[in-house]
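Welcome! Take a moment to turn the model around on your screen before reading on.

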Amino acid sequence: MSIFSPLSIYTYKRLFSAQIIALAGTGLTTVALALLAHDLAGGNAGQVLGIALALKMIAYVLIAPLFGAVAQKLPRRSLLVTLDILRACVVAVLPFVTEVWQIYVLVFVLNVFSAGFTPVFQATIPDIVTDQAEYTKALSLSRLAYDLENLLSPMLAAALIAILTFDVLFLMNGLAFILSASLVLSVTLPGRKDESHGELFWTRVTKGTRIYLKTPRLKGLLALSMVVSSAGAMQIVNTVVYVQSYLGLAEEWVAIAFAAAGGGSMAAALTLPGILRRVAPRSCMLSGGFLLSVSVLAGSAMPGINSLILLWFLMGIGMSMILTPAGRLLTQSSREKDRPALFAAQFSLSHACWLITYPLAGWLGVQLGLMGAFIALGSIALVSAVVATSLWPRRDPDYLEHTHRATTHDHYHYHDEHHQHEHEGWEGPEPHRHTHRHLHNIHEHDFVIDDHHTYWPK
């Protein structure tokens, strides 16, 4: 079946349309923000954008886990619509900015809301597209949407700037968020049981990260996130320096180089659903990590523009090989009730990698030169890929035999496979809370880290 077959699911089609519209609007704001920074700061526009980008990453790292803790207590549709409307309000204010500090405040606030929207949105998709093969295609479509935004939004912005002022781009982004909100509002999302009864807020905030760091395959994913950020930071930060300053070419070649990376990612995303039916995610993602590492290290040969475009194309393929299956990995590693927290943890931890590599790529380019930056960031990527290989076991089954020690404790629970005990009649309807005893037990089932499985069996 076609990669587009998930679009036959009405709810997913609406949400995917909302994602595309919001991404297109965000792309317009990216261009408009650069022009606004140049208007306000002139030659220091690069520094202004660098600080704004750092604030964006800080918002992602700090705020996403907080939203992950709150998400399971709030209706998903209302939360997503509210965050879209708040994002629209923020970008609508940007045309009226007159000081650089106002850019910093608004960019941070905008990305606080994005840090809430994106993980909750991503965690909703596997509840709508429940077939694994179709879900893999849905992940590929999501990857394509991001790549198309990177390719087409700058061209659309350039065409609009020819006939409009850049302030209008901010207003168009606000309209895009409103359209996104209306599409989300037009569908009914699957309900969820709130099973966080009695949990402290900080426990809920840290739950996703605790699950993440106790799951071997996800520790491997975190190492691969460092591979992606090391290669991506080298490409994003230093492409313009390499093409214009080192090779002495016109700025059109900068756009072509970026397009090559997007093209590689799109090519991989289109073919991955078929590949992942035959190849395990571990093999695919680790291969992508080593492809990225070798591509960055090969850049230290200081190639001409044609070879650089080929390397960037290969980097795009490698990034897609890692990022496209990641959602499947997170879904495989969590119960439905913990999914928003785990997606938020991935969002936060992966952007923490970018928070490290973005400034590092710029600093290395200045201190060591471009060749030194290629070698250093390529080496970080290669070491991270090797670490991922060691952290992610080759044998990684869903069903694991494990031991439950006998214990007596008190918490809210439903009567599921871990709660089969007698009642005296006063305990009330489920979920309810009372002191109960778990007997010593050894059994096997689909294993993830959760409230009753707090460590990974050896």
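In this predicted model, the count of salt bridges comes to 4.

| Arginine 76 | Aspartate 127 | 2.6 Å |

**A network of salt bridges**

Let us begin with aspartate 127. Its side chain meets that of arginine 76 in a salt bridge, with 2.6 Å from N to O. Arginine 76 belongs to helix α3 (residues 76-93) and aspartate 127 to helix α4 (residues 100-128), so this pair ties together parts that are 51 residues apart in sequence. Both arginine 76 and aspartate 127 are buried.

Arginine 339 is buried, as is aspartate 127. Put together, Arg76, Asp127 and Arg339 form a linked network of salt bridges.

Are lysine 137 and glutamate 134 buried or exposed? The cut-off for buried is under 20% relative accessible area. Lysine 137 has 4% relative accessibility and therefore counts as buried. Glutamate 134, at 13% relative accessibility, counts as buried too.

**The chain as a whole**

Stepping back, you can find 14 helices and 4 strands in the protein chain. Of its 458 residues, 52% are buried. Contacts between residues at least 6 apart in sequence can also be sorted by separation: 83% of them join residues at least 24 apart.

**How helices pack**

Now for some helix pairs. Two packed helices are described by the angle between their axes and the distance between the axes.

Start with helix α10 (residues 281-298) and helix α11 (residues 305-323), whose axes come within 8 Å and cross at roughly 155 degrees. Angles over 145 degrees count as roughly antiparallel, and α10 and α11 are therefore roughly antiparallel to each other. The crossing of α10 past α11 is left-handed. On the α10 side the contact includes Cys284, Met285, Gly288 and Leu292, and on the α11 side it includes Leu311, Met315, Gly318 and Ile322. By class, the residues of this contact are 13 nonpolar, 5 polar and no charged.

While you are looking at α10, find serine 293, which lies in this helix. At 0% relative accessibility, serine 293 counts as buried. Which residues does serine 293 contact, leaving aside its neighbours within four places in sequence? They are Val227, Gly378, Ala381, Leu382 and Ala385.

α13 and helix α14 (residues 369-391) pack with their axes 6 Å apart, at an angle of about 140 degrees. That angle makes α13 oblique to α14, and α13 passes α14 in a right-handed crossing. From α13, the residues in contact are Leu360, Ala361, Leu364, Gly365, Val366 and Gln367, while α14 contributes Gly369, Leu370, Ala373, Ala376, Leu377 and Ile380. This contact of α13 with α14 has 9 nonpolar, 3 polar and no charged residues.

Finally, visit helix α8 (residues 216-246) and helix α9 (residues 252-276). Their axes come within 9 Å and cross at roughly 140 degrees, and α8 and α9 are therefore oblique to each other. The crossing of α8 and α9 is right-handed. Gln235, Ile236, Thr239, Val240, Val243 and Gln244 of α8 meet Trp253, Val254, Ala257, Phe258 and Ala261 of α9. The residues of the contact between α8 and α9 divide into 8 nonpolar, 3 polar and no charged.

How values were computed. Residues are numbered from 1 along each chain as its sequence is written. This is a predicted model: local features need pLDDT of at least 70, side-chain atom pairs count only at pLDDT 80 or more; totals for chains, interfaces and linings use all residues. Side-chain values use heavy atoms; hydrogens and water are left out. Axes are lines fitted to C-alpha atoms, for helices over the stretch in contact, and angles run from 0 to 180 degrees between N-to-C directions. Helices (H or I, at least four residues) and strands (E, at least two) are DSSP runs, numbered from the N terminus. Angles under 35 degrees count as roughly parallel, over 145 as roughly antiparallel, 65 to 115 as roughly perpendicular and the rest as oblique. A crossing is left-handed if the near helix is turned anticlockwise from the far one by less than a right angle, and right-handed if clockwise. Contact means heavy atoms within 4.5 Å. Ala, Val, Leu, Ile, Met, Phe, Trp, Tyr, Cys and Pro count as nonpolar, Asp, Glu, Lys and Arg as charged, and the others, Gly among them, as polar. Buried means under 20% relative accessible area, exposed over 50%, partly exposed in between (1.4 Å probe, protein chains only).
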